[in-house]
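Please look over the sequence and the model before reading on.

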Amino acid sequence: MSAVLVEESAPVQAPLRDRGVRAVLALARFEARRLLLSIPVLIAFAAYVAWIVWRTRTSWDGSPALQDADRATQSMPMLVGLAVLLYANYAVVRSERHGTEPHFSILVLQPWRRTAAHALSVVPAALLAAVCVVGQFTWEALKPGAIGHGSPAELAVGPLTVLVFGVLGVLLGRLARRWAFAAPLLVVVLLFAFVLGTAPGDANGRSWLAPVVSETGPDTLPSDLLGRPAAWHALYLAGVALCIALLAVVVAGGRSAAVRTGLALGLAAAVTGGVLQAGGATPSPELTAARERASARPELTCAEHGGSTYCAFPEWVPRTDAWAEVADRVQSLAGGPAHDRPLLVRQRIDARYGPSADTSIPASTEPHRVTVGTAWGGNRVPEFSSAVAAVLVAGTEAAGSEICDGRMVTVMWLSLSWQDDPMAALRRVRLDDSVTGSAIVLSPTDPLSMTEGQTDVVRHLLEKPPAGVGARVKAHWAELTAPGVTTARAAELLGVAKPGKADSCE
Amino acid sequence: MRVTAVRGVTPDLVGPVWRTLPWRALAAAGILGLLVAATPLVTGGEPAPWQTLLLLRGIALIGALGLAFLLDDPARHLTAPLPTPRPVRQALRVALVTPIAALWWAAVLLLTPSASRPPVGEVTLEAVAVGVLALAAAALAVRLTDEARPGPFVAAVLLLTAVLAPLLAPEGWALFAQADDPRWPAAHDRWAVLAVGAAVAGALCGPEPLGRGARRIRGAGAPV
């Protein structure tokens, strides 16, 4: 018998480390593939993409402000994140469930490296969410009516939420290995806390600890007046994600210098972001001053279009063409001096109460001045054209909002007759979406009001060919726009049946 | 003959079945549900009726997630040849848990603010329907797979359904109507139908498939 010389242990140590990293990456790749192909995540992504397509086709009536469009990408990735949480947790506890844990303990890959691989396996799902977010935002930005600026930090929130929720599932799997019921219950709690409970309104420092803070109001603000600590919030989310991931690694027994450094870095990022975003949640004196200036004495950029002047916040200057087109259409129908009168269309906002406030702008008392808001498209078009028509007929917006006599017929005909579907525009511009009876007519500032008789006359006018009515409007312009003209007289001048009911100007 | 056998065996079964119930899942769901229910009481908030209804529906979902683990039986491959058929054992599990679940739901209802509490009977019907749905899904998973503990799958399916159903269910069904909605009574007829349908489906899934029909999908996690 010959002795066998066994040589050992010399080549083991050095290659093992390297193989550890490669093995972690290989496991992460494998788990990422399984994660992305798992049924909950597939369904979540399918629902997410369907939602993007369904919503973005009609969002903001085709005229998005990109500083709002970036925030609109944030809430839906949370549902994807919950699905990722569910499956990431399941993947971590899988070996425990199937009793294969002892088999893994003889492999070169220690538990903490396997946990690191599970945490890494969430990253591709977050990247896929980022692709969806970028797709949604790009779609908005490519719409012809898009204006403003998006914020990369706001766009990062959605994918970071997926990352946070995913690594939370990994951590939960490490902490409660035998408790398969922990993840579904955590999902319900997160649903309650963040998805259903995200009430818009007072955004204080503490509410910014939630992954998504959606301050959505009816009005858009210029992007420099938003006052959202978006960059700090993104840093906070990234720090939290890193922290949770490395905490899971530590729980699994990882104590290497890299893990400790990473944990310290993540903690520092989360705390820094958390503190600074809390500080940024309350508007600074400079921001408050800027908001007040923008509300009272805004610095607008003015552009001339066909005799009239259009003044807008710098981000809205590209939209002055669209405003000018509407104002020109309305003015071309007017007669008398109003036909060529130069108008001053000024954009006005009330930014004093922040982006989530519902504010109203008082009517301007300056002659021949029309107010336009920050939103456009859809109902905003007939609303603006009604304001232009009221100023042309009554002289000022304030006087226009007080019209109760027969001049209202002229105002509404000027506002609506040039539109593609005047009757639909009439329905949309009225608050109760009706075409009969009395109603409030919306405008960018104070609303106008129509009586039942005026509505009947306007409806009859809109059913007639616009050219004939247009000639009569121009011919009788002085009498039609004289204060005190009755609706019956206006109907007579314009050649339609008199209304059943008289005006009520009390 | 068979009935007497069932009657004879059941008392002896109660003890072991009681011990093997997934107590941790049930306790976790129960405690979490009570905590959520007590939130308005603790924080002193006065939720609007729709918020209380949402809260109760959420708690019903939490309870149902606990019940999704009820039919998990790590020993199912050993108990298959027992003289007591599986439907009896499953029914026993459900019967043992029902009084506890009823007490728990009563406590949840008492914890929610009475001022904004929706009609108790109808909300209870919704909770029962969701619970029965969870049990039926668990029974279906047991019936169709070889998986000893399908709880996590069932819970995931239930969660997915709970998130997608309000989004995808036809508006006309009004399953998730508010209490002041005129369709509220009709919606609860539908909830009742849903509960009965789920119960029947769950019961049909009970018997162990034997003989020629014993074809099962091999679950992803089936023991190798």
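Which residue forms a disulfide with A:C302?

## The disulfide

The model described here is predicted. In it, the partner of A:C302 is A:C311, and their sulfur atoms lie 1.9 Å apart. Over all chains, the count of disulfides is one. The torsion about the S-S bond of A:C302 and A:C311 is about 105°, so this disulfide is right-handed.

## Other cysteines

A:C132 has a relative accessible area of 13% and is buried. In chain B, B:C205 is buried as well, with a value of 10%. Both values fall under the 20% cut-off that defines a buried residue.

## Fold and extent of chain A

Chain A contains 21 helices and six strands. Its radius of gyration is 31 Å, while the globule rule gives 23 Å for 506 residues, so chain A is more spread out than a compact globule. The C-alpha trace spans about 125 × 45 × 35 Å along its principal axes.

Among contacts in chain A with a separation of 6 or more, 74% join residues 24 or more positions apart.

Buried residues make up 52% of the 506 residues of chain A. The accessible surface of this chain is about 22,400 Å², and carbon and sulfur atoms account for 61% of that area.

Key. Residues are numbered from 1 along each chain as its sequence is written. Chains are lettered from A and ligands numbered from 1 in the order in which they are written. This is a predicted model: local features need pLDDT of at least 70, side-chain atom pairs count only at pLDDT 80 or more; totals for chains, interfaces and linings use all residues. Side-chain values use heavy atoms; hydrogens and water are left out. Helices (H or I, at least four residues) and strands (E, at least two) are DSSP runs, numbered from the N terminus. The radius of gyration is taken over C-alpha atoms; the globule rule is 2.2 Å times the number of residues to the power 0.38. Buried means under 20% relative accessible area, exposed over 50%, partly exposed in between (1.4 Å probe, protein chains only). Contact means heavy atoms within 4.5 Å. Accessible areas come from the Shrake-Rupley method with a 1.4 Å probe; for residues, only the protein chains shown count as cover. A disulfide is a pair of cysteine sulfur atoms within 2.5 Å.
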